Every structure is written in structure tokens, then in C-alpha cells.
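This report describes how parts of a predicted model touch one another. Please look over the sequence and the structure before reading on.

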Amino acid sequence: MSTPLLYALAGVGLCLLGLYGLIVYAHLLRKILALNIMGSGVFLILVALARRSGDSPDPVPHAMVITGIVVAVSATALALVLLVRFSAATGRNQLDDDEHSP
Amino acid sequence: MGAAMTEAGLFLLDLLLVLTLLCLAWWSLAATDLFKGIVLFIAFGLVLALAWVRLDAPDVALAEAAIGAGLTGALLLTTLSKLASSIDNPPAKRSSPVLLWVLLVMLAAVLGYAIMSLPQQAQGLADTVASQMGNSGVEHPVTAVLLNFRGYDTLLEMAVLLLALIAAWSLAPRAATSCEMDEALTVSPIVLALFRMLIPLMILVAAYLLWVGAHAPGGAFQAGSVLAAAGVLALLCGKRLEGRLAGWPLRLGLVLGTAMFVAVAAAVMVGGAHLLQYPLASAGKLILLIEAAATFSIGLTLAMLFSGQRPSRGPAS
Amino acid sequence: MIEASGTPLPWIVWVILLPLIGAMLCFLWPRQGKTLGLLTALATLLAVIALYFQLLDGGVIRYAVGGWGAPLGIALYADGLSMLMLLMSALVGVGVSLYALGYFKHSPDNPAGFWPLWLLMWTGLNGLFVAGDIFNLYVTLELLGLSAVALVALAASRDALGGAMRYLFVSLLGSLCYLIGVALLYHAYGTVDIALLGTLVERNPATHVALGLMVVAMLLKSALFPLHFWLPPAHASAPAPVSALLSALVVKASFYLLLRLWFDVFSTVSMDLGMVLGVLGAAAIVWGSVLALRQTRLKLLVAYSTVAQLGYLFLPFALLSPLAWQGGVYFVLSHALAKAAMFMAAGNILAFGGHDRIADLDRVAQRLPITMTAFCLAGVSLMGLPPSGGFIAKWLLLDAALSHDQWGWAVMMMIGGLLAAAYVFKVVGFAFTQADAPHDAQPVSPFMEWSALALAVCAILLGLNAHYPLELLAIGGPVTFVSPSP
Amino acid sequence: MNAWLPLLVLASSLVPGLIIFALKEEHTRARIALNLGGAVIKLVLVGVMVWGVFQGQTYEARLPLLPGLELALQADALALLFVVLSSVLWLVTTIYAIGYLEDSPYRSRFFGFFSLCVTSTVGVALSGNLITFLLFYELLTLSTYPLIVHRATEVARRAAKTYLVYTLAGGALLLVGVVWLYTLAGTLSFTPRGFLSGLETQHSTALSVIFVLLIAGFGVKAAILPLHGWLPKAMVAPAPVSALLHAVAVVKAGAFGIVRVVHDVYGVEFADSLNLLMPLAILAAATILYGSVRALYQDDLKRRLAYSTVSQVSYIALGTAIAGPVAAIGGIVHLVHQGLMKITLFFCAGNLAETLGIHKISEMDGVGRRMPWTMAAFTLGAFGMIGVPPLAGFISKWYLGLGALEAGQGWVIWVLVGSSLLNAAYFLPILYAAWFKAPATHWPHERSFGRQETAWMLLLPPVLTALLSLAVGLLANTTFSPLQWAVFIASLEFMP
């Protein structure tokens, strides 16, 4: 198995781990962690496959991932602020589960 | 023979790295203690940075280490300290139904299959980028893509960062009475002294990263996040913005990056060129100008996001 | 097709830059937020109109940012469909901006963040509508999603914060799914330009998986049944102008993106998925309407009505004829105007009586006649009664269904229309009667009343001049959008 | 000019209506001026249009709606008949409503929707194709709703809800039918003798189903069995609304729609060849008898009149469904005759309620002495309904009977006879009680109007319409009578 493929598959693994965590864990901070891990997985797929181009890797996915990392930190920051507010307003760290069912 | 040995060794290293990544991610999510989970997440970020290095993506590695692991970790930790109750052990889980597992396994299979089916060799845009490097104004391909070829993405991404800050401010409790953070993180005086010494050094590093970005890994985001780290340390040392700076001067600093980007992007259109179509002669300088402003704003924005509250307008007390 | 280089004022750029600049100005001078925000809204409207004339003159616009052109650089692209979306956003945007002038004067919601966040959202919307590059679309999606979440949270109530949180997770999950699709497409074809991808895409595993992921991502973001669970709490708990924006524009943006991908990227790949989308759409119509009918709170009723109405947008995927696509797009437009007006009217009623319990509306028909007129006119469009945009849309969809003997869809649409009438008139009926306990009433700003009415009237007017939008839609539209001349 | 006139006819009630919405409650005079002014102007414009049509002018206005589809207004003979009826009765009803609603709240809203209602009715009349018809038909539904719910009581809200359930469901069926027809025929323009006979025979099943959809859609408003349930409930509305609903606007729009579909969409001959008319005739006959029987058992005066309407409106459908020219004349002319008679009766019922507080027939003993003019008008209307010559109702029934015989449908005679007997059975006791029984010692809720029996604005309209219903019967053979007009319309359909 080639290196790019190995890392790309690891990226898939991270994505699924993140998805699993997002769905299964109730604590909002864990959900945020899970989304970050999922994001890292996607970035890993993007960059790993860019390694297939021989000597010098394709720089475009690298730039995309840097953009992605900044977007991710922005989203995380927003999520965390929201979480703090939510937690202060409700005294809880998780969403009501009954709200899930319509 | 030797080459094959190295090859095999490297593959083992990769395998190890990948397994570590997956394990760290899993432990981080499943950790009984949330604090532990976050620390493991930071470790995950650092190992991921190693993975980026192995994938010949030093720029991403730098960004990951500084932003992905460093700042995100710091943000997560301060948030944890502010939550109403940080107790969540054992982690409250919803029962994971069979359906979910079926879904995940199917997704894994489908995604894995799709990735394996891609050609083993692919140039992507590497050659196109290489052929246009001479027209980009910089020598480092990633910087060229980020600020020139796909500069428009970066412009919008700066807007996203600004958005996060505006959102955080509009959500922050309006009258922050005291700095809860100070109570939450008590740091020993020796460490504080160390921090104080580190700050100027980090500013220097940021400046270097910014400058080197034109021809080597580095650039505005990496520099900005180092600057932000300096800001975070300053905040931990108890430094606060002076009241007279906390109004519009601070706001100006925060929008400077985006504003400069927009201004340059639009200004080059005066001569009939397209948006962001730098004149070849001054491309390098304009990019550096944008990057300098962006670095400053990124650093300030990330530090402000870390502080989690709007600085008060009144005189610093 | 024209290369919009050399034109002194490439409006396609300004429709993105103007709101962005406005957002920064509003952030710099929060006290002048209203003035700056309103000026920006008007300027953006003018820029969109200017782009419209440019499009009429020269046809489809393709603009290479940075002068590089695909595949290296990013392309902006505007055809009739994007133009309609831009016009729709501009119209609703100006209406909501006027509304917000009155709304934040008395509301407990935090006003300072509104203007910069809303203008950034507008940047994201316009950026999305003219994007010609799937990675650029990812960035605009994030800009849009994050600003929408932040706007919901402005209400700062428990419900709003919870709703915003859930919305944020859904939005990020959707974006990441989409990004995996982008990664697969890029690594399969070496470009992220939509036009290039359209020529390169072929049937292979990567394409199919990318299609699946991207479609699911967009369904999640446009809240198609059964992925709609996040929408009602978020839309109902947000401040009224934000609810209007979310229901009218934000969900439409992801639907638009789905159309773009469907026709411009994946057009050569099997369309078997269409039937599934159509069935889900039909289910959404019934399920959303029934739940809307069961609500006792006005804003939740309107939010569930959005779930139902979004179902109609997916019927064309199963009907597969030019008429159906025209109907679908027309539905997007008329629903945007009508739903914005309806949420604004609901906001007025909430501000007026301090609550939105439907059974206690207590003679608002007499006491807030302008608002109630707006609500009713918007309701007419949602029910699909003539003369309204909703009627034209339904007519086109019915025509498409009946001319191919697709009975089931026609019956679904009829049931949907009747259920819509049921929930609209449930509100209207109680608006006439007197509540058991009379309530104190707060004055409602005329800006709020008249802007709601203006948008509702627009939704009606859309039903009288269907020629113009349909002709515009034909400009550069995919083959399936253009019907053979009658 | 010829394009503008139909639009002006619409505008003459639409514009005053919209202005009235904006008026404050206390601007009574402005509102009255707008109402009456609009009604008079409309009448004048309609007069000009009628004159023009006799001179051979055609009036048409078109507005493109969708590719291949346009909104069209046109003034053909059938349209004019209905337009004249509605504009005359609008003027009369407006006068009545002004008197009736004096000092009651929310008059601006009431008269605004009242004007919209008339605008929609005139729009229905002038529609040149099915989609325009559909548009005004739905508008009519919507603008009537606030009138029914006007009193804002719980009962009113429920009645209005029932009304909507029926009419909107009917509208939905109609929409499906119209769209389907459009996909088959590619046009929707009303054409004498229809535009469908050219279609291939393979579509005949589809066309039959569409016919059922369309008739069901119109039948709801026309209160054809079993779609009549809303009508008696809608009686909670104020009397002028009931009068308008029953005589002109809602019910007539449905009946008019049936005539249009049979004559100008399918064509009598084609519809008959598809075997569609016989079931319709049977349904109409059943409705006639059923409505009359139900009317017998109502003590509430307005409810009895309502069931009477259910019965009488189906004469129009019956006349249309008997495939013959003479019966068609009877059906069409009944459109006008029933309107005049029924509006008289409702005005009178309103007067009784408003002046004496009488709502039930059992309270009407001796009321003829207290309110002679009102009861005289009522008597004329009731005799007309029964079909006593030479009143309007007699003319209709005469032609219906003749037409049935001509078309070889003798059974219709029995229906007519039975219905007339039933009419007599539910009207004559009222008349007897009113004129010959001794009055009660005091009325349920009497208001005094000095020397007059009631306010003149309440009295004038029923007397006027009663005289009109007498006149159209007496003068049935003059050139401008509704009957001659109906003859002309029928000749367009049946003469080659």
C-alpha cells in the first residue's frame, strides 16, 4: 500500500470516528471535539492524495487545507462561545434529547 | 536493497503514525475526563502535524501545530473552565443502535473503495502551479496559491475569521464584571516571568514566518497564530488592553487584515484588471502588504477569541 | 457568453464586496450600524440590478478572479438562475433590513451584532450564488452557515441558544460531508472548477460517492425530510428578521447549490437518485404540514410550514421535465418572499402582544390590519392560490406532472395545498376572535408592518408576470431548464 | 378603449374597496360616497358595455401570464347577463348594507371585502378562459371568508372554517381539472360549443374524469348535493352578506361555472356524446328535491331560505344538463330570476331580524300588519319561488318543463311539479302566519323607526328587487328582458 493511500484511509477512519462521536456523545464539548477530529480526517484525505504527484506534492490542496484549518478554528471558536452561553443560560452541557424527535 | 529497507522502515513509521493518530482520536473522544480528552486532542494535533510533515506539507504542519493543536486546544481548555459543570464521567452516551454501526461500516467501505479506485499517480494542478510561479510574485507555491491563484478563497476565509469574532462578541455577556479567567488559571510567578520573556521572542518569530512565507514554508496564517500565541501569553500574564485602545482602535486592528485584502483586491481593478489581478511588478510587495495586515489581524482576532469577552471600554482598572 | 474583463465595473464582484465592506464598516462604527447597514443594503440592491442588466445585455457572465482562469484560479459565474437568486436575496434583504430598523428598537435581542453578521451572511449568499468553483463554494457555505448560527443566537433565549447549537452542528457536519466530496472530485479530476468538472466527470466510484455525500450534505442543510429536525427550533426561536432570512434565503442557498451540482457537475452521472428526492419531498410536504397544523405557537407553525414547503422544491427531481424545473425555481422565489413576509408578520404579532400563542391572538386582524394583510397575502402564496407566485409554481409543477400522467405527485400537491390552507386559516380565524383574557399591546413600528406587507405584495405580484423570471431563468440555464417553445 | 372597459368595470369596485380599507372607522360619509359612487359608476360602465355589444363591439383585455397562457377578460353575451345582474344587485345590496350595518364596528373592513367580493364576481363573469375564471373564483372564496367571519364569534369562526374546507377543496379539484385539461387541449379559452370536440377519442375517459373534477369544483359553490353542507352554516354572516352570497356572488359563481363548462368548454353536444349530462341532470334534480324537503323542517327563517337556495340553484344546473335549447334558456334565465327573488327574501329576513328581532318562523305571526311593505316584498319573492305566473320563477320553470319535454326527458316534469309543491309547502305557511295570524303581544327585540316600519335604506332594496322580479316576469317578451337575452345565448350554443 502506498503512503498516500495509507494516510487517506486513515483520514477516512478519522472522519468516521468523528461522525460516531458527534452522534453518540451527548456532552456538547465532546461533540465539538468530534467535529474537529472529523475535520482533520477530511484534511488528511485532501493532503494525502496530493502526495500522489511524485517529487513535489500538489500545493493546491495544501492551500485548501490551510484555509480549512482557519475556517475550522473559527467554527470551533463560535461553537465554544455558544456553548459557554448555553451552559450559563441552562445549567446544562447537553441538548435535550427529546428535541431530537420532531 | 538499502533503499528497499528504508522504504519498508518508512512505511512502518507511517503505519505507526497513522495508528497513533487513530488511537489518540479515539481516546480523546472516549476519555472519561473531559480535561484529559482535550489534552489528548492537543496531542492528536501534534501527531497530525508530524503526519503533515511526512506528507511533505510543512505549511500545513505549521498551521496545524499553531492553530489546530495550539490555539484550538487553548480555546477548548478555557471553555472547559467556564462551563457550568465540567463533570461528564462516564461520558454520557446515547445507545448506539445497530443502524448507526451499519451506516458507519457502509460509509467506511464506500469511502475507502472510492479512494482506492483513484489513480495511483495524479498530477493535480502541481504542474500548472509550477508553470505559473514566475507570474505569481512569490517563490513558495503554497503562498502563491493562497494569496494569488486562489486568493479569493483566502479573502473570504479572512471574512469567516472576522465573522467568528463578531459572533463571539455579540454573544458575550454584555457587562463582563470581572475576569473569570484570572481566577480559573492561576500560574506560578516563575512561569509568568518565563512567559514575559517569551512574548517578544514570539513576535520576532511571527515576523520571520511572515517574511519567509514568500519563498519557504510559512506565511500569514502561521505567523498570525504565533502572534496570537504571544497574545494569549500576554493575557495569561494579566495584561489587558488599555481602555482608550479598546474602542475603535482595537476594531480597526481586527478588520485590518480583511480590509487591506479587500482594498488591494479592489484597487488593482482600477486599471481595468480583474479582482485580485496584481500587476506583475508589484505582486510580491502587495502580497507582503496583505500578509502583514492579515498576520496582525489574525493574531489579534485569535487572541480576542481566546479571551472570550469584549474588552471593556472604560479606563483599565 | 462574455468574458467580463475590461469592463470598468464588474458588478459580479461588487455584489460580493459591497456587503463585505458594509459589514466591516458596521463593525467599526456600531453606533452608525443602522445607517451604514441600510446604505449597504441599498447599494447591494443597486449592484445586483446593475448585474441584471449586464446579464440581459451580454448573456452568461464568467469572470476569472485574479485573471488566472480555471483550473488554476477561481471563476465567478452568473447565469439566469444565479441572477434570480441574487435578485431574490436583494429584495428580501432590503425588506428585512428595513424591518430590522424597527425591530431592534424595542426588542430585548442584541442589536449590535445584527448588522455586521447579516451583511456577512449576505456576502456569503451572493458569493455562493455566483461561485463557479466547488472549493470556493465550501468557503461561502461556511460563511453563510456560521453567520446564520450567530444570528439565531442573537435572541439569547434558552431555546434560541439550543437551536443555534444544534443548527451549528448540522451546518458543520454538512460542510464537512461536502468537503469530502470536493476532495474526491479534485483528486479524481484535478480541478475544482464547476464548468471543467462538468466536462470531465464520468461514471466511476469516486464520482458516485462524491455525488452521494454532496447531495446528503445539501439535503441536511436545506432540511429535507427526514433531515429537518434542526430547522423548526432554530427558525422559530431566532429574532424575527433572522427567521425571515433563514427561511427565505439560507435554506434556498443550499438548494441552489444542489441544483448547480446536479446539473453542472453531475449531469452525466445517473439521475436515479431523483426519484428518492422526490419521494422525500412529498413526505416533507405532508409531514411538515401536519406538524404545522398541530403547533400552538405561531412562529413554530411558520417554521414547520417551511419544512413542508421545502418539500415542493424536490418534486422536480422526480418529475424531470423543463416545466417542473421552472416550477421548482419559481417555488424558491415565491416561497422566499412569502415566507419572509410571514415570519416578519409573526414577529410583529409577537412584538405586539408579547406572545405568539395562536389561540390567544385576540383580534389582531382588527388591531394590526397591515400585518394581518401581509400574513394573509403570504398565506395565499403558500397555499398556491391565484394570483400569486406560489400559484404559478404549483401550476407549472402540476402541468409537468399531469402531462406525463404522474398522478401521485399531483395528488400530493393538492393535499399539500389544502393542508397549507388549513394551517394558514387556523391562524387567520383566531386573528378575528377575541381571546378570553385580553392582553396589553405594545406599539409596532411602521417599518416592521410595511416592510412585511411590501414583501407579501411582491410574492403576489410574482404571480402576475411569470414571463420575466422564466425568461431570465432560460439564460444559460441547463438544457433541462429550457422548455421547448409552446 | 375596448380593452380598457372590462378592466374599468373591475376597477370600479376594486379601487373603492382598496381605498375603503385605508379609511378610518369614523369616515362614514367618505365610505358611503365611495361605495355608492363605485356601484353607480360600475352600472354606467356596464351599461356602456351592453350598448356596445349590441352595436357589435367586442371587449377584450389580455395579460400574459405564462408562456402560452394568458389572463383574459371578455364580454360575451353570457358574461354580460351575469355582469348586469351583479352590478344591479351590488348597488341595491350596498344601500341595504349601509343601512343594516349602521353603527356596527369594523365597517371599513366589511365594505372593503364586500367590494372585493363583487370585483371577484364580476371577474368570474367576464373571464374569457378557465384560468382567469379559476383566479377570480379563488379570489371570491378568499374575499368572502372575512365577511362570513365578520361577527368574530366562535360560531362565525367555525362556520367560516366549514366554508373554507368545502370551497378550497373544491378549488383544488378545479385546479387539477383545469391543468389536466390544459395538458390535453393546450388552450383554455371559452369558445361557443366548446373547444374539446376535436380531441382524439382516446382522451374521452380523461375528459369524463376532468368533467367530474370541474363540476365538483363548481358544484361546491353551487351547493349541489352532496357538497352543500357549508351553505346553511354560512348563515351566521350579516344579512347583506347572506343576500349577496345566495343571490349573486358565491352560489351563482358556481352555477355560472357549470354553464360555462357545459356550453363553452365541452359544448352541449360533445358533453352529451360523452354521456356526461344525464348524471348531472339527475344530481341536479336530486338536489332540487332534497333542498326543498330539508327547507320544510327549518324553523330558523334564514336556514329555510338557505335550503331553498340549495334547491333553486340546481334549476340552473338542471336546465344546462338537459341537452336542449329551450331547457338551456330556462336554466340561464333562472340565473337572473333566482337572484332577484332570493335577494328579496333575504333582505326581508334581514329586516325582520334588524327591526323586530325575529329570527324564527314561529315568531312571525301577524308580522304582515307591523311591516306591510317588507312582507309584501317577501310575498312576491315567495310566490315567484313557487312559480306562480306571471312572476319570474314561473318563466324559468315553464321553459325548463318545455325544454325537458322537447328533449324527451319527461321525468323532469315530475321533479318540477314536486319541487313546486314543496316550495309552496314551505313558503305558504310563512305567508299565512304573517298575514292572517294574530300578532304576538310584543316582538322579540323591537327597534322603533318613527312612522316608518323600518329604516328606508332597509326597505327600499327589497321593494325594488321584488318589483324587478315582477317586471322580468311581466315584461319577459320585451327586447331587453333577461329571457330574450337567454334566448340569444342559447341560440349561440345551439344554432349552427
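Which domains does the domain assignment of chain C give? The assignment gives domain 1, spanning 1-270, and domain 2, spanning 290-481. Taken over C-alpha atoms, the centres of domain 1 of chain C and domain 2 of chain C are separated by 22 Å. Domain 1 of chain C brings 41 residues to the contact, and domain 2 of chain C brings 41 residues.

On the side of domain 1 of chain C that touches domain 2 of chain C, at least two residues each come from helix 3 (80-106), helix 9 (231-237) and helix 10 (240-265) of chain C. Helix 3 of chain C gives the most to this side, with 16 residues.

Next comes the contact between two chains. Here 28 residues of chain A are in contact with 26 residues of chain C. On the side of chain A that touches chain C, the elements giving two or more residues are helix 1 (3-24), helix 2 (28-50) and helix 3 (59-90) of chain A. Helix 3 of chain A gives the most to that side, with 13 residues.

The table lists the residue classes of the two sides.

| Side | Nonpolar | Polar | Charged |
|---|---|---|---|
| Domain 1 of chain C, touching domain 2 of chain C | 26 nonpolar residues | 11 polar residues | four charged residues |
| Chain A, touching chain C | 20 nonpolar residues | five polar residues | three charged residues |

Methods
Residues are numbered from 1 along each chain as its sequence is written. Chains are lettered from A and ligands numbered from 1 in the order in which they are written. This is a predicted model: local features need pLDDT of at least 70, side-chain atom pairs count only at pLDDT 80 or more; totals for chains, interfaces and linings use all residues. Two residues are in contact if their C-beta atoms, placed from the backbone, lie within 7 Å. Helices (H or I, at least four residues) and strands (E, at least two) are DSSP runs, numbered from the N terminus. Ala, Val, Leu, Ile, Met, Phe, Trp, Tyr, Cys and Pro count as nonpolar, Asp, Glu, Lys and Arg as charged, and the others, Gly among them, as polar. Domain bounds come from an automatic or database domain assignment.
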